[in-house]
Amino acid sequence: MKIAVFSTCKYDQEFLEKYNSGHELVFFEAVLSLQNVALTQGFDALCLFVNDRADAEVFAALEENGVRLILLRCAGFNNVDLPAASEAGIKVLRVPAYSPEAVAEHAMAMVLTLNRKTHKAYNRVREGNFSLEGLIGFNLHHCKVALIGTGNIGKAFYKILKGFGCEVMAYDPYPDESLINEGLKYGTLEEAIAEAEVVSLHCPLSDDNHHMINSTTLALFKKGAMLINTSRGGLIATQDVIEALKSGQLGYLGLDVYEQESELFFQNLSEDVIQDDQISRLISFPNVLITSHQGFFTKEAMEQIATTTFANADAYESGLPLMNEVQA
Ligand code: NAI
């Protein structure tokens, strides 16, 4: 098949070329949008990532251009209008799990960095400042953690938390029996949040949970608690979180995702004036750590993404069952 790969960075090209199972790949650095959908003419399939926008208007144009297949090289599909895809007769396949441990480990890296301030210690020592002033942290042993979402990543994070001796309460509309048998307690969202010193989000973004962390839910947090979001930016009402940081209600914030990330992430904007005032405000807090959607970014996960993407393409081409199809 002739496949147009959007939102390509050098590392995407490297892994996709290495594991290509015989398709013709054309790489575009651009993020797919209505403005550049004309580029898709003559392609059988598109390979998309988290910030490519495939909405109803884009699908109408894709149908006209003869595109038959979307290969998402990610798990989340909130950026794809699935009813519009089905109306256009375009199949959508994804990579349902690519090293959930990679994201879970990154979530723990964020907890440890915010807590023990290793990023500040690193810089201080390099400048000959060996003072411990302001670097005090807290033990994770016996620390209460709210785990919001216990799917593949939440499960992997639970294992890590158990290793650290944390006391975990989870919230998930579909509790996992195997985790209950391992001793995990489930409660409501409010119950899980109320007790926690660390709240970590591991659920997909949907219409139901858009801005689930807002001024109302933040008021339920234990004062000074830590919030970690490695899932999707839209789970958090950013302005409410900024207010909670200013008042001290929120003590720490770790973000690997951001609601307006498509304008910023995966690009080098170091010579530009950032126009997004909310991210600029967030960056200015000493107790906020932001990474640009790198939770998945390990060698193992990139290999898994590439091999599953081509397995999906091959299954479609050969008329085999589409195990990783997402439907409206
Ligand atoms: P999954 O589908 O295995 O699990 C999601 C879990 O969330 C399910 O158990 C589901 O019942 C639960 N859930 C759904 N709505 C909920 C709600 N309102 N409150 C609490 N729980 C809810 O998904 P997986 O693989 O664990 O991934 C989770 C999310 O992580 C993805 O949807 C994606 O947004 C994000 N992600 C981030 C990456 C990164 O690089 N930062 C990489 C991969 C995924």
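How far is an oxygen atom of the ligand from an N or O atom in the side chain of Arg232? The distance is 3.2 Å. This is a predicted model; local features need pLDDT of at least 70, side-chain atom pairs count only at pLDDT 80 or more, and totals for chains, interfaces and linings use all residues. Residues are numbered from 1 along each chain as its sequence is written, and side-chain values use heavy atoms, with hydrogens and water left out.

**Ligand contacts**
- A nitrogen atom of the ligand lies 3.3 Å from a side-chain N or O atom of Asn209.
- At Ser231, a polar backbone atom is 3.2 Å from an oxygen atom of the ligand.
- The protein buries 84% of the 870 Å² that the ligand exposes when taken alone (Shrake-Rupley method, 1.4 Å probe).

**Ligand shell**
- The ligand is surrounded by 23 residues (a heavy atom within 4 Å).
- The closest are Asn152, Ile153, Asp172, Thr230 and Asp256.
- By class, the shell holds 10 nonpolar, 10 polar and 3 charged residues (Gly counts as polar).

**Largest pocket**
- The ligand takes the space of the largest pocket (more than half of its atoms lie within 2 Å of the grid points).
- A pocket is an open set of points on a 1 Å grid over the protein atoms alone, where a 1.4 Å probe fits, with protein on both sides within 12 Å along at least five of seven lines.
- The volume of the largest pocket is about 990 Å³ (space filled by probe spheres set on the points).
- Its lining has 36 residues (an atom within 4 Å of a point); His202, Cys203, Pro204, Leu205 and Ser231 are the closest to the pocket centre.
- Helices H4 (100-116) and H6 (152-164) each give two or more residues to this lining (DSSP runs of H or I, at least four residues).
- H6 supplies the largest share, 3 residues.

How values were computed. A polar contact is a pair of N or O atoms within 3.5 Å; within protein, one must be able to donate a hydrogen and the other to accept it, and residues adjacent in sequence count only if both atoms are side-chain atoms.
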